[in-house]
Amino acid sequence: MNNWEDFSDLEKACTKELSEQSLEFYSRAMFRFQEGSRMKENWHIGLICEELQKIETGETENLIINLPPGGGKTHIASVCFPSRGIAIEPRSRYLVVSYSNDLVKDISTRVRDLVFEGDEFQQMWSVQSSRDSNEKSHWQILNSRGKKSGAFKCASSGGSITGFRAGKLHIDKYYGCLILDDPNKPADMLTERKRTNSNEVWNTIRTRLASPKTPIVLIQQRLHDDDATGCKLAKMKCVEDLGWCKTWVNRTGGGKKWKQIIIPALIDDEFVSKLPQKWRNRVTGPLYGTDSQGRYSYWPEKETLDILL
């Protein structure tokens, strides 16, 4: 992929169309435009992008993605997923929540710079923000009539997230979602009291949805059996287990389903055999070596087996 200014009009039009069709293509393109280098290939990136797009289409109601640290979750789920959603539907409202103030600032800056400062994004979608949206962590988007319509907010789970609701009070179309990106502080998982306090994020965000149908996406590395993922699923029962993917429903019946995607740092042939064929074909771990139990790195080009062991 060349620099944007070197693209022909046809190449720019194709980039726009492919970005709207594929979150994976968009994530790779934006990484190249922002970082100036190619995003490393791996099977789990395509899988995560496909599952996030199922949130947009309504095929998945709520989504949990568990993967190792350094797996690209923030770039894909917290930066590219909402910014692409805003490009396609500027009336969307996204709320991203994380335990880390530093991560909140990083996400906010990256999304705002990508959407409003990047020539690539602006030439493809020309999204405009309200003039009084001076905060990097919270800004509003103008519609074609110059009225405030869509919005983006990024906040700390330990701070105030009042006054903003993700999505819209519409049931006919997807208008954004609430994203939890590592809502638990690792140090808070060391004691039961701190775990309980940390998981209060579930009670906090309950009132931050514009509609009961607004989707929630939780993406995190597992820290404890009773982290945010464990806290949510403890109240549910698993009705389908494919190894890499589980479906959960409320024990008492009713409510929305939750889909859980599980990407371990170390995988084996049994795990890979259960993946859909298109992702199975992209797994390269065995080519880089296995341990005594036949396990190999989920992303050997970035996380070698020696590092994970």
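Predicted model: local features only at pLDDT ≥ 70, side-chain atom pairs only at ≥ 80, totals over all residues.

Reply: Residues are numbered from 1 along each chain as its sequence is written, and side-chain values use heavy atoms, with hydrogens and water left out.

Me: What span should helix H4 have, and how far apart are its end C-alpha atoms?

Reply: Helices are DSSP runs of H or I with at least four residues, and strands are E runs of at least two, numbered from the N terminus. The expected span is 1.5 Å times one less than the number of residues. H4 has 16 residues (73-88), so it should span 22 Å, and this agrees with its end C-alpha atoms, which are apart by 21 Å.

Me: Where in H4 does a kink lie?

Reply: The bend at a residue is the angle between axes fitted to the seven residues ending there and the seven starting there. In H4 the kink is about 35°. It comes shortly before the proline Pro-82, at Cys-80.

Me: How many residues of H4 are buried?

Reply: Buried means under 20% relative accessible area, exposed over 50%, and partly exposed in between, with a 1.4 Å probe and protein chains only. H4 is mostly covered. Of its 16 residues, the buried ones number 15.

Me: Which kind of aromatic pair do Phe-116 and Trp-139 form?

Reply: Rings of Phe, Tyr and Trp (its six-membered ring) pair if their centres lie within 6.5 Å; planes under 30 degrees apart are stacked, over 60 edge-to-face, the rest tilted. The structure holds 12 such pairs. Here the centres are 4.9 Å apart and the planes at 80°. The pair is edge-to-face.

Me: Why does that pair tie together parts that are apart in sequence?

Reply: Phe-116 is buried at 16% relative accessible area, and Trp-139 at 0%. Phe-116 lies in helix H5 (residues 101-117) and Trp-139 in strand S3 (residues 138-142), so the parts they tie together are apart in sequence by 23 residues.

Me: Which residues have the most contacts inside the largest nonpolar core?

Reply: A nonpolar core is a set of buried Ala, Val, Leu, Ile, Met, Phe, Trp, Tyr and Cys residues joined through side-chain atoms within 4.5 Å. The largest has 60 residues. A second, separate core of 22 residues includes Leu-95 and Met-236. In the largest, the residues with the most contacts are Trp-43, Leu-52, Phe-81 and Phe-152.
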